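Please keep the structure in view while reading.

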Amino acid sequence: MEKGDRKLVVKTTNGNFGFDEVVVTVPLGCLKLGTLQFHPNLPQNVSQAITDASYGRLEKVFVAFAAPFWERSGTGASQGGDTYPMFTHFLRPTYALEEQRSWTLEMLALSSTALFGAHAQPLLVFHLWGAAAAHVTSAIASLTPSSDEYYIVIDTLFRPFYSRLPNYKEDCPDCAPTAVLATNWQNDELAGNGSYTNFTTHHRGGPLKGDPAIDDDVRAMRHGLPERGLWFAGEHTAPFVALGTSTGAYWSGEAVATRIMERYTLSSQLQSD
């Protein structure tokens, strides 16, 4: 991406294209990996903000069942009138496979009709990070989601957890997953090998020099380079309340569009005056 005469030139494998303004919406991970090259280089405050901003590696695993056996009001293995809590946090599970015993992960049930109404599903969602996420994405990296091997890998890794739920019976059809699917952000180059912006709570490998300034990093990326007609949008430039969300990404795009429109409106007004 280069600055030409009154235009920005975007060079691609399909040709070169000139623009008055360019809004860069690639994921933060791609910016950190240098997927895009800028000429002239980005100013120090923006390039340093990209380097310092933390990019998360959260992954999700979805496990679907024919019926929510963990809900006592369900069918098959379920009896009675109680419901199971929506959220479960597993801490260093000694009952799991050896390589999983250092994991911490969260599980969310999407089966509550009180919360989800007609959209409730007999579905469990596992949230993974750190060693757990790395292990799962490595295990499925070469597998096709529709393959039997993919199903077996996911089921083997997560049966130690869903089998702890109330009413689980190994020989009950309702307790066997009907489908499984995992995100695979860490193996996705177009996602920058990660998921979305996060805030690190500690630093490893040495003492922290000064206070973390990720808020300044976000502000620097959010401001962009309006003097060059170069703008950044995405979840990493969203309002702080919505960082790391699709809603925040949408809001950031609206904000940049508004700033560009205001810039041209002001320019038109100055020319008419």
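## Terms and basis

Helices (H or I, at least four residues) and strands (E, at least two) are DSSP runs, numbered from the N terminus. The model is predicted, so local features need pLDDT of at least 70 and side-chain atom pairs count only at pLDDT 80 or more, while totals for chains, interfaces and linings use all residues. Residues are numbered from 1 along each chain as its sequence is written, and side-chain values use heavy atoms, with hydrogens and water left out.

Helix α6 (residues 214-223) holds both Asp216 and Arg219, which are three residues apart, about one turn of the helix. Their closest N and O atoms are 3.6 Å apart in a salt bridge (a side-chain nitrogen of Lys or Arg within 4 Å of a carboxyl oxygen of Asp or Glu), and Asp215 joins Asp216 and Arg219 in a network of such bridges.

Asp216, at 45% relative accessibility, is partly exposed, and Arg219 is likewise partly exposed at 41%; here buried means under 20% relative accessible area, exposed over 50%, and partly exposed in between (1.4 Å probe, protein chains only).

## A pair across the sequence

Across the whole structure, the search finds five salt bridges. One of them joins the side chains of Arg263 and Glu21 at 3.3 Å, N to O. Because Arg263 lies in helix α7 (residues 246-272) and Glu21 in the loop between β3 (15-19) and β4 (22-24), the pair ties together parts that are 242 residues apart in sequence. Arg263 is partly exposed at 33% relative accessibility, whereas Glu21, at 18%, is buried.
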